[in-house]
Amino acid sequence: RLLAQAISDLRRLGHLDGPLLLALAGDVAPRLPSFEVHDLPLLLVGFARSSLRDEVRVSEIGSALRSQVRSPHMTASIAATAFYALALLDFGTDGTAAALVKEAVPRYLTEASTQE
C-alpha cells in the first residue's frame, strides 16, 4: 500500500519520472499478491503518466489485477482507472482490459458515474 501511495503522491506532485519509478518499483512482481485491488491501478497510472512503457512490469501488474477482477472490492472507479492507464500506455495485449470488460464492467456499469 505504501509503495502505491508513494508513487501516486509523487505523480500528483509532478516529481515522478521513469528512472525514479523504476527505482521505486524494482522487482515488483513478488510483492504484488500483497497489494489491495485499489492499489494496482495506481501503479498502472504511475507508469502511464511517467511515459514509462515497461511492458514486463505492466504485464505483471495487469496479471495481479486480473486475478482480483472478481473481488468484491473491485469498483467502477477502480475499473475506470485501470482502463484509463491501459489506454494511456496503449497496452492491451496481456488481457487485462479484456478481463475488466468481461467481468468488472458489466457488474458496475449502472453504478459508474458519467465521468468514469
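This is a predicted model: local features need pLDDT of at least 70, side-chain atom pairs count only at pLDDT 80 or more; totals for chains, interfaces and linings use all residues.
Helix α3 covers residues 40-49 and helix α5 covers residues 76-89. Their axes lie 8 Å apart, at an angle of about 25°. Angles under 35 degrees count as roughly parallel, so I noted α3 and α5 as roughly parallel to each other.

Next I listed the residues that touch. From α3 I found Pro41, Leu44, Val45, Phe47, Ala48 and Arg49. In α5 they meet Ile78, Thr81, Ala82, Tyr84, Ala85, Leu86, Leu88 and Leu89. I sorted this contact of α3 with α5 by class and got 12 nonpolar, one polar and one charged residues.

I stayed with α5 and checked its length. With 14 residues at 1.5 Å a residue, α5 should span 20 Å, and its end C-alpha atoms are 20 Å apart, so the two agree. I also looked up burial: Ala76, Ile78, Ala79, Ala80, Ala82, Ala85, Leu86 and Leu89 of α5 are buried. Just after α5, I found Asp90 with a positive phi of about 55°.

Last, I turned to another pair. Helix α1 (residues 2-13) and helix α2 (residues 18-25) pack with their axes 11 Å apart, at an angle of about 170°. That makes α1 roughly antiparallel to α2, because angles over 145 degrees count that way. On the α1 side I listed Leu3, Ile7 and Leu10, which meet Leu20, Leu21, Leu24 and Ala25 in α2. The contact of α1 with α2 has seven nonpolar residues, no polar and no charged.

Key
Residues are numbered from 1 along each chain as its sequence is written. Side-chain values use heavy atoms; hydrogens and water are left out. Axes are lines fitted to C-alpha atoms, for helices over the stretch in contact, and angles run from 0 to 180 degrees between N-to-C directions. Helices (H or I, at least four residues) and strands (E, at least two) are DSSP runs, numbered from the N terminus. Angles under 35 degrees count as roughly parallel, over 145 as roughly antiparallel, 65 to 115 as roughly perpendicular and the rest as oblique. Contact means heavy atoms within 4.5 Å. Ala, Val, Leu, Ile, Met, Phe, Trp, Tyr, Cys and Pro count as nonpolar, Asp, Glu, Lys and Arg as charged, and the others, Gly among them, as polar. The expected span of a helix is 1.5 Å times one less than its number of residues. Buried means under 20% relative accessible area, exposed over 50%, partly exposed in between (1.4 Å probe, protein chains only).
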